Amino acid sequence: MFILHGLYSFGRKIVAYRNDFCLSCAAPRRAFRVRTFDVVHIFYVPLIPLGFLRRWHCSVCGRDPHAHPGTRKGFKWAGVVVLALFAVFSWALPPEDDAWVWPMRVGLPIAFAAALWHTLKSKPDVRLKDKLREVQPADESVCPLCGYPLVIGSGWHCSGCGVERKVVKV
C-alpha cells in the first residue's frame, strides 16, 4: 500500500548566525540557525506536531553545514571487504546447473575490482575539527540580515530583528 507522508515546516524564522565550515560546499561559509514548527503529515493532512525545532543551514547551498555530503571512506572500505568475501565464497559453492552461480562467480570479482579502484581513487574525508579551527568567528557590529546594530547582552544580538551572533564550537 502506498502511503504519502512527509514533514511540514511552518513559521520559518532565522534566529542566529555564525561563520562556519560547510562540508557540502567544502568552504568556509555563513550558517543560519532556522527555527520552524514541524508537523508530520499523511496524505497532506497534518497529524503529529513535533514542536519547534532549530537547524543550522548553509547560506549558499542550504544544507546542514556539518552533514557529510557523500559516502565516507570507512564505509567504502567496508563495502570492498564484503564484496571480496562474497567473491571468494561464490567459488566455494558446489558446481551446479543453477543459472545464478556463474554470473555470481564472474560478476562479484568484477564488482570487487571496481569498488576497490573507486575507493582507492576517492579523496580522503575532510576533518571537520581541523577546518573549524581555520574559520574566523563573526565579528561585525551590524546585523547581516537587517542592518541594525548588534548590542551585547547575554551575547551579541540584533536590536532590530533579534538574531543572535554565535561562535562555532570546535
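Predicted model: local features only at pLDDT ≥ 70, side-chain atom pairs only at ≥ 80, totals over all residues.
Residues are numbered from 1 along each chain as its sequence is written, and side-chain values use heavy atoms, with hydrogens and water left out. Local features are reported at pLDDT of at least 70 and side-chain atom pairs at pLDDT 80 or more, whereas totals for chains, interfaces and linings use all residues.

Val163 is found in the loop that joins strand E5 (156-158) to strand E6 (164-165), where strands are DSSP runs of at least two residues and helices (H or I) are runs of at least four, numbered from the N terminus. With a relative accessible area of 1%, Val163 is buried; the term means under 20% relative accessible area, while exposed means over 50% and partly exposed in between, for a 1.4 Å probe and protein chains only. Leaving aside residues up to four places away in sequence, Val163 touches Ile14, Val15, Ala16, Tyr17, Leu145, Trp156, His157 and Cys158, a contact being heavy atoms within 4.5 Å. Val163 also belongs to the largest nonpolar core, whose 7 residues include Tyr17, Phe32, Leu150 and Cys158; such a core is a set of buried Ala, Val, Leu, Ile, Met, Phe, Trp, Tyr and Cys residues joined through side-chain atoms within 4.5 Å. Apart from this core lies another, of 5 residues, among them Phe21, Leu23, Val135 and Val168.

Within H2, the residues Val101, Arg105, Leu108, Ala115 and Thr119 are buried, and helix H1 (73-90) is included in what covers them.

A search of the whole structure finds 3 aromatic pairs, counted when the centres of Phe, Tyr or Trp rings (for Trp, the six-membered ring) lie within 6.5 Å, with planes under 30 degrees apart called stacked, over 60 edge-to-face and the rest tilted. One of them, between Tyr8 and Phe10, is tilted, at 5.8 Å centre to centre and 50° between the planes. Another, between Phe37 and Phe52, is edge-to-face, at 5.1 Å and 65°, and it links strand E2 (residues 27-42) with strand E3 (residues 45-58). Phe37 is partly exposed at 28% relative accessibility, whereas Phe52 is exposed at 57%.
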